Amino acid sequence: MIIAVPLAGELNFYPFNDSFRISFGMPTFFFFLLLLRKYPAILSGTVVGISVVAFRILLDLLHHDFTYSFQHRYPTFFYYFTFGCLFYFAKSNRYIYQSILIGFLGIIFDILASSAELTSQYVAFDSVVTRDDIRKISVIAIFRSFFTIGIFNLYVLYETRLRIEEMQKQNEHLITVTTNLYEEAINLRKTLINSENITRDAYNLYRSLKNIENKKDEKEGLSQTALKIAGQTHDIKKDNQRILSGLSRLIADKDFSEYMEVNELLNIAVKSNWKYANLSGKEIEIILDIQGKHPNYHIYKVLSIMNNLVGNAIEAIKKDGIITINVRRDHDFVEFQIRDNGPGIAQNLIHLVFKPGFTTKYDSSGRASTGIGLTYVRELVEQLEGEIILQSEVGKLSGSYYKIRLPICKLTLKG
């Protein structure tokens with residue numbers, strides 16, 4: 001403000017074709033008073049008045065001495081000082097967004113401040129103020145005041161738009177974070193259910209091994225191993241419970257029903273597997289196509305099947321590719337079709353794919369995968385009284401194709 005107002009004061013014109021000039025110092029000063037509301041207007045008027053006088057004296061020193069320049073320039077101080085005092089004592093900050101009112105106040109302040117400047121000039125130079133001068137001051141005050149209010153309103157509008165855009169970005173970010181937390185919580189809850197089932201099955205295995213009467217030494221070692229697996233899985237379940245509890249508090253407005261609309265459910269599967277593909281350094285497009293009207297399906301049963309099959313497709317694709325997921329309803333059945341354009345599976349191996357322990361995947365150290373993912377999928381499909389079909393061919397762009405057909409009644413809430 002200290003720099004801008006003196007510079008703007010040098011931008012002027014003569015609307016009445018005489019010595020009476022209009023500068024942009026007042027609109028600039030008025031604008032800063034509206035903008036910098038945390039500073040007392042009296043202080044602003046005093047400092048700006050001094051800076052304007054000092055700046056004009058420095059310019060005059062090129063042609064006149066200091067005494068002459070000071071006598072002609074110091075009345076300008078009273079304009080800015082008076083304007084700042086009037087702005088302050090009228091408590092104009094309360095009307096900052098009432099454009100008409102603050103505009104009229106600006107007119108009054110400008111007329112009175114100009115009158116104060118003319119009065120100081122009369123005292124210094126015995127200059128006469130005429131009615132015509134008052135008329136010109138009034139016309140100039142109207143122009144300058146509402147010009148400033150217009151510029152200020154444009155600034156406020158621009159600032160508001162920026163703030164709205166920033167709020168929209170923040171809201172979109174929060175929605176994205178909440179959605180991601182919700183999706184991860186669903187996956188975590190699925191893991192929690194799986195770990196609970198593993199704990200129960202491992203403990204039952206332990207009890208069964210305990211009851212074996214022959215091969216006592218071998219039996220004892222196996223039962224202890226089973227008990228150890230049960231204990232470790234139980235610890236995993238407890239950790240998952242604590243994590244899920246924390247996530248649930250963060251997204252308390254979400255409903256953790258075990259059933260969900262198929263579109264939302266499969267979008268979770270697509271997003272989580274797309275993240276998995278990115279983490280693996282692969283560029284894979286996952287296309288989802290849902291046909292027909294569907295009820296809400298059981299989250300964990302559907303996710304278990306989809307995550308295993310889509311995850312297998314991602315692992316099969318070398319670097320980049322496409323995975324297509326088609327879902328369609330056929331009367332009382334629902335069909336899930338997963339197709340990829342990976343390298344495919346040799347015909348002589350297709351009958352082994354669903355057998356426990358069979359795998360063609362190895363990590364960077366050469367260790368084989370467990371080979372139980374597809375076995376688990378087949379058993380889950382059979383438990384749901386459905387069927388799974390695999391078609392694949394090596395060297396073809398079609399890659400592998402899985403079709404899972406399930407009774408809808410097995411995936412929906414009964415009753």
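Start by selecting Ser400, which is found in strand 9. Strands here are DSSP runs (E, at least two residues), helices are DSSP runs too (H or I, at least four), and both are numbered from the N terminus. The model is predicted, so local features need pLDDT of at least 70 and side-chain atom pairs count only at pLDDT 80 or more, while totals for chains, interfaces and linings use all residues. Residues are numbered from 1 along each chain as its sequence is written, and side-chain values use heavy atoms, with hydrogens and water left out.

**Stop 1: around Ser400**

Is Ser400 buried or exposed? Ser400 is buried, because its relative accessible area is 6%. The cut-offs are under 20% for buried and over 50% for exposed, with partly exposed in between (1.4 Å probe, protein chains only). Now show its contacts, meaning heavy atoms within 4.5 Å. Leaving aside neighbours within four places in sequence, they include Ile338, Arg339, Asp340, Leu390 and Gln391.

**Stop 2**

Two strands pair if DSSP finds at least two bridges between them.

Move to strand 7, residues 333-340, where 6 of 8 residues are buried. Look for Arg328, whose bridge partner in strand 7 is Glu335.

On to strand 9, residues 400-407. Strand 9 is antiparallel to strand 7, with 7 bridges between them. Gln337 has Lys403 of strand 9 as its bridge partner. Phe333 stands opposite Pro407 in strand 9.

**Stop 2: Val327**

Back in strand 6, pick Val327. Val327 counts as buried, because its relative accessibility is 1%. Draw a distance to Ile290, 37 residues away along the chain: the C-alpha atoms are separated by 4.7 Å. Not counting residues up to four places away in sequence, Val327 also touches Val262, Leu266, Val334 and Phe336, among others.

**Stop 3: the helices**

Select helix 10 and helix 11. Helix 10 (residues 299-316) packs with helix 11 (residues 373-383) at an angle of about 145°, with axes 10 Å apart. Axes are lines fitted to C-alpha atoms, for helices over the stretch in contact, and angles run from 0 to 180 degrees between N-to-C directions. The contact includes Ile305 and Leu309 of helix 10, and Tyr376 and Val377 of helix 11.

**Stop 4: the core**

Which residues have the most contacts inside the largest nonpolar core? They are Phe336, Tyr402 and Ile404, in a core of 44 residues. A nonpolar core is a set of buried Ala, Val, Leu, Ile, Met, Phe, Trp, Tyr and Cys residues joined through side-chain atoms within 4.5 Å. Helix 10 gives the most to this core, with 10 residues.

Finish on Ile404. Leaving aside neighbours within four places in sequence, its contacts include Ile305, Leu309, Phe336 and Val381.
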